[in-house]
Amino acid sequence: MNNTITSIDFANLPMAYEEHKEELDIAIAEVLKNANYIMGEPVRELEEKLERFTGAKHAITCSSGTDALLLALMAIDIQPGDEVITTPFTFIATAETIAFLKAKPVFVDIEEDTYNIDPSKIEDKITSRTKAIIPVSIFGQVADMDQINKIAAKHYLFVIEDAAQSFGATYKAKRSCNLSTFACTSFFPAKPLGCFGDGGAVFTSDEKFAEKMKSLRLHGQTERYFHKYIGMGGRLDTLQAAVLNVKMNHYEKDIINRQRVAEGYTSLIQGAVKVPKVAAENSSVWAQYSVRVQNRAEVVTKLKAAGIPTAIHYPRPLHLQECFKYFEYQDGDFPLAEKISEEILSLPMNPYLSEEEIQFISNQLKTAIQ
Ligand SMILES: *Cc1c(COP(=O)(O)O)cnc(C)c1O
């Protein structure tokens, strides 16, 4: 055992600043000097970078991943009583934004090995009120978008990729965020590409939807103080854009390191626990590296005692959340989402974990599960 390891940082946000401190300090100071806090030059610069990186024609930055989802749902004019198909195994925002617009999240169970929505179960849930499908690229891996797009096209539905965890991932050699009519990502600090606060972006290659979402982000205005739509104050701060412009310059390297960490874990713990599976057509950005264990509470306690933080994504599937009681979903409706919620456990994941730390965490995990 390596006794130089005393404690491990789960996402290691301090290092994300330390590593590029000089560059970041200059970029931040430049914004302060110019005082162009709202929609300053770095915002458009970032959007161009995001467009080049993903291949999507339009990247529209906004205040969070949650607001990115709202902008996409508002762009397709989701109305009270509409239905939107999604997964119950995700962060609340995916379904919360649907319900916020008084529409109904219609859940579909997930796949046992990727934890993404099971495309073979989608068509059964389509009704005359269904307007869209929101697959979530969970833990950094894209869902089976070809299948989902095919079902959507057949039934005239929109597809919105919730790519909050998958910015930079690939599916059949194409980037996440450029795989469907809309995609939404988040720059929340702990996401694979994080800023120093809240931030997000919505992507589309459709000119009309891009214009509409740019307007919705700015209180629905088409020119100053003339408002075509009911919109929101949903802009990304110039400061966050400046931070992201620096972080984008190094993001490819971060992805490679996240993949290095994931491969390290898998090689050391497979066989002992159920490790994540990446589909052959995918590359993951590893928003989370999550294993499945039977004695989770005990494992969490033992790892904590060894100085290893863990997290549970997510302890309760969305159909069983109190806020959605009025939809009358029941225990047992989505057996895989329910089972996996009880077993899933995320290990520390960040680009800075050393080989020694990966070894240490893996050894402690193997001891803890016994
Ligand atoms: C983080 C996250 C969001 C919301 O992003 P915020 O920037 O925190 O609003 C939405 N969906 C998923 C799957 C997420 O992980």
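How much space lies in the largest pocket? About 630 Å³, in this predicted model.

**View 1. The largest pocket and its lining.** About 630 Å³ of space lies in this pocket. Its lining counts 39 residues, and those closest to the centre are Ala164, Ser186, Phe188, Ala190 and Lys191. Two or more lining residues come from each of helix 1 (13-18), helix 4, helix 5 (93-100) and helix 9 (251-269). Helix 4 gives the most, with three residues.

**View 2. The largest cavity.** Rolling a probe the size of a water molecule over the atoms shows where empty space is left. Searching the whole structure turns up one cavity of 30 Å³ or more. The largest cavity holds about 90 Å³ of space. It is lined by 13 residues, with Phe139, Gln141, Pro276, Lys277 and Trp286 closest to its centre.

**View 3. Strand 2 between its two partners.** Strands of a sheet pair through backbone hydrogen bonds, either parallel or antiparallel. Strand 2 (residues 83-86) runs parallel to strand 4 (residues 130-134), with four bridges between them. Strand 2 and strand 3 are also parallel, joined by four bridges. Which residues are the bridge partners of Thr86? In strand 4 the partner is Ile134, and in strand 3 the partner is Phe107. Both faces of strand 2 are covered. Glu83 and Ile85 are buried on one side, Val84 and Thr86 on the other.

View 4. Asp82 lies in the loop between helix 4 (65-75) and strand 2. Is Asp82 buried or exposed? The relative accessibility of Asp82 is 8%, so Asp82 counts as buried. The side chain of Asp82 makes a polar contact of 2.8 Å with that of Lys131. Beyond four places in sequence, Asp82 contacts Asp77, Ala103, Lys104, Arg129 and Lys131.

View 5. Thr90 sits in the loop between strand 2 and helix 5. At 3% relative accessibility, Thr90 counts as buried. A polar contact of 2.8 Å links the side chains of Thr90 and Thr94. Neighbours within four places in sequence aside, Thr90 is in contact with Val136, Ile138, Asp162, Tyr314 and Leu318. Tyr314 belongs to the loop between helix 10 (296-305) and helix 11 (335-343). The peptide bond from His313 to Tyr314 is cis, with omega near 5°.

**View 6. Helix 7, end to end.** Asp206 caps the N-terminal end of helix 7. A side-chain oxygen of Asp206 lies 3.0 Å from the backbone nitrogen of Lys208. An α-helix has 3.6 residues a turn, so residues three or four places apart point the same way. The buried residues of helix 7 are Phe209, Ala210, Lys212, Met213, Ser215, Leu216 and Arg217. His219 follows helix 7 and has a positive phi, near 60°.

**View 7. Two loop residues with positive phi.** Met39 is not a glycine, yet its phi is positive, about 50°. Met39 lies in the loop between helix 2 (21-34) and helix 3. With 32% relative accessibility, Met39 counts as partly exposed. Tyr115, not a glycine either, has a positive phi of about 70°. Tyr115 is in the loop between strand 3 and strand 4. At 2% relative accessibility, Tyr115 counts as buried.

Definitions and conventions
Residues numbered from 1 in each chain as written. Predicted model: local features only at pLDDT ≥ 70, side-chain atom pairs only at ≥ 80, totals over all residues. Heavy atoms only, no water. Pairing = 2+ DSSP bridges. Buried < 20%, exposed > 50% of the residue type's maximum accessible area, 1.4 Å probe, protein only. Polar contact = N/O pair within 3.5 Å; in protein donor to acceptor, adjacent residues only side chain to side chain. Contact = heavy atoms within 4.5 Å. 1 Å grid on protein atoms, 1.4 Å probe; cavity = no way out; pocket = protein on both sides within 12 Å on 5 of 7 lines; lining within 4 Å. Points joined across faces, edges and corners; volume = space filled by probe spheres on them.
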